[in-house]
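The following paragraphs guide the reader through a single protein chain, from its overall layout to individual side chains. Please keep the sequence and the structure in view while reading.

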Amino acid sequence: QARWDWVATDVTPGPFTVTWTNSAPHATAYYSVYITKEGWTPDQPLTWDSLILLKRTDPSPAASTYDIPVTLPERTGKHVIYSIWQRSDSGEAFYSTSDIDFGAYLKHPSRMAEQ
């Protein structure tokens, strides 16, 4: 369950890179990157209905790091990026959640003038 008091990375809509660091690299079937929908808040459970897919990669060879370029949509407040690394050489998968905050974006002087 996400919480309001977890440290979150400040982000803005637009290009963003999700980086996976794999301590035991294996061939990859895919990486999937999701973000919570607009209107989701950290006091709500994180469910599949809370998420939209930003990107699913093609298969790739083993690598200790893998950068996944995505485009973050317009959002307000705190959200979650949920990622999956699915190995291709076994059924084993790994999952990651990252807390992000679009709040600083909303407080930017150019955005304040729009409101």
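A residue is called buried when its relative accessible area is under 20%, exposed when it is over 50%, and partly exposed in between, with a 1.4 Å probe and protein chains only. Glutamine 86 is therefore buried, since its relative accessible area is 14%. This residue is found in strand S6, where helices (H or I, at least four residues) and strands (E, at least two) are DSSP runs numbered from the N terminus. Contact means heavy atoms within 4.5 Å. Leaving aside neighbours within four places in sequence, glutamine 86 is in contact with Thr28, Ala29, Tyr30, Gly91, Glu92 and Ala93. Glutamine 86 and histidine 26 are 60 residues apart in sequence, and their C-alpha atoms are 9.5 Å apart in space.

The model is predicted; local features need pLDDT of at least 70, side-chain atom pairs count only at pLDDT 80 or more, and totals for chains, interfaces and linings use all residues. Residues are numbered from 1 along each chain as its sequence is written, and side-chain values use heavy atoms, with hydrogens and water left out. The predictor's confidence in each residue is given by pLDDT, from 0 to 100. For the protein the mean pLDDT is 88, and 85% of its residues reach 70 or more.

Seven strands and two helices make up the secondary structure of the protein. From the N terminus on, the order of the elements is β-β-β-β-β-β-β-α-α. The protein has 115 residues, of which 37% count as buried. Of the contacts with a separation of 6 or more, 69% are between residues 24 or more positions apart.

How are the strands arranged? Five of them form an open sheet with mixed pairing, in the order S1-S7-S6-S3-S4; two strands pair if DSSP finds at least two bridges between them. Strand S1 (9-10) and S4 stand at the edges with a single partner strand each, so one side of each has no neighbour in the sheet. Strands of a sheet pair through backbone hydrogen bonds, either parallel or antiparallel. Strand S3 (residues 28-36) and strand S6 (residues 78-87) pair in the antiparallel sense over seven bridges. Threonine 28 stands opposite arginine 87 in S6.

The interior can be described through its nonpolar cores. A nonpolar core is a set of buried Ala, Val, Leu, Ile, Met, Phe, Trp, Tyr and Cys residues joined through side-chain atoms within 4.5 Å. The largest has 13 residues, and Val18, Ile68 and Leu72 have the most contacts inside it. Strand S2 (14-21), S3, strand S5 (65-72) and S6 each give two or more residues to this core. Apart from it lies another core of six residues, including Tyr30, Tyr34, Leu51 and Ile84. Not counting residues up to four places away in sequence, leucine 72 touches Val11, Thr12, Pro13, Gly14, Phe16, Ile35, Leu54, Ile81 and Phe102. Phenylalanine 16, placed in strand S2, is partly exposed, with a relative accessible area of 25%. The C-alpha atoms of phenylalanine 16 and isoleucine 68 are 8.4 Å apart, although the two residues are 52 apart in sequence.

Aromatic rings form a further set of links. Rings of Phe, Tyr and Trp (its six-membered ring) pair if their centres lie within 6.5 Å; planes under 30 degrees apart count as stacked, over 60 as edge-to-face and the rest as tilted. By this rule there are nine aromatic pairs. The rings of tyrosine 34 and tyrosine 82 have centres 6.3 Å apart and planes at 50°, so this pair is tilted. Tyrosine 34 lies in strand S3 and tyrosine 82 in strand S6, so the pair ties together parts that are 48 residues apart in sequence. Tyrosine 34 is buried, with a relative accessible area of 13%, and tyrosine 82 is buried at 15%. Tyrosine 82 also forms a stacked pair with tyrosine 95, at 6.2 Å centre to centre and 20° between the planes. Tyrosine 95 lies in strand S7 (residues 93-101), 13 residues from tyrosine 82, and counts as exposed at 53% relative accessibility. Trp20, Tyr31, Tyr66, Trp85 and Phe94 form one aromatic cluster.
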